[in-house]
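Q: Could you walk me through one part of this model in some detail? I would like to start with the wider setting and then zoom in.

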Amino acid sequence: MEEAKKSYKCKYCGEAFEKPLMLAWHVRSKHKSVKKREKKAAEKVTPAEQLNKTIEAIGILKGLQVSPNLSEGEKKLLGDVSKTIEELLTSVRKGK
Ligand SMILES: [Zn+2]
């Protein structure tokens, strides 16, 4: 039976490997950027949370945009920023 065989699971994607060396190679080649980013980020944010935060941010930006205290230039800038974020969000969703 092969089931009892020990395997080394990748903590990033869950792929299992027979040898630690293979796992290390896999992580190095596939998750190099992830590893670096994880060191910087103290807290872990799931993609779903990230998405919610982004949607929240758009809402805030749009709320700010209609504020009477803003100049036309500032309103335009906020409009551009929220549009950019919305476009990013759309492309992320399509990529899934
Ligand atoms: Zn992996």
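Among contacts in the protein between residues at least 6 apart in sequence, what percentage join residues at least 24 apart? And, looking closely, at what angle do helix α3 and helix α4 pack?

A: Happy to! This is a predicted model, in which local features need pLDDT of at least 70 and side-chain atom pairs count only at pLDDT 80 or more, while totals for chains, interfaces and linings use all residues. Residues are numbered from 1 along each chain as its sequence is written.

To your first question: 19% of the contacts between residues at least 6 apart in sequence join residues at least 24 apart (a contact means C-beta atoms, placed from the backbone, within 7 Å). The protein contains four helices and two strands (DSSP runs of H or I with at least four residues, and of E with at least two, numbered from the N terminus). Their order from the N terminus is β-β-α-α-α-α. Of the 96 residues, 0% are buried (20 or more other C-beta atoms within 10 Å of a residue's own; 12 or fewer is exposed, and in between is partly exposed).

Now for the pair itself. Helix α3 covers residues 47-65 and helix α4 residues 72-95; they pack at about 160 degrees, with axes 9 Å apart (axes are lines fitted to C-alpha atoms over the stretch in contact, and angles between N-to-C directions run from 0 to 180 degrees). The two helices are therefore roughly antiparallel, a label for angles over 145 degrees. On the α3 side, the contact is made by Thr54, Ala57, Ile58, Leu61, Lys62, Leu64 and Gln65, and on the α4 side by Lys75, Leu78, Gly79, Val81, Ser82, Ile85, Glu86 and Leu89. By type, these residues are eight nonpolar, four polar and three charged (Asp, Glu, Lys and Arg are charged; Ala, Val, Leu, Ile, Met, Phe, Trp, Tyr, Cys and Pro nonpolar; the others, Gly among them, polar).

Beyond residues up to four places away in sequence, Leu61 touches Leu78, Val81 and Ser82. Leu61 and Ser82 lie 21 residues apart in sequence, with 6.2 Å between their C-alpha atoms. Leu61 counts as partly exposed because it has 19 C-beta neighbours inside 10 Å.

Technical notes
Parallel < 35°, antiparallel > 145°, perpendicular 65-115°, else oblique. Contact = placed C-beta atoms within 7 Å.
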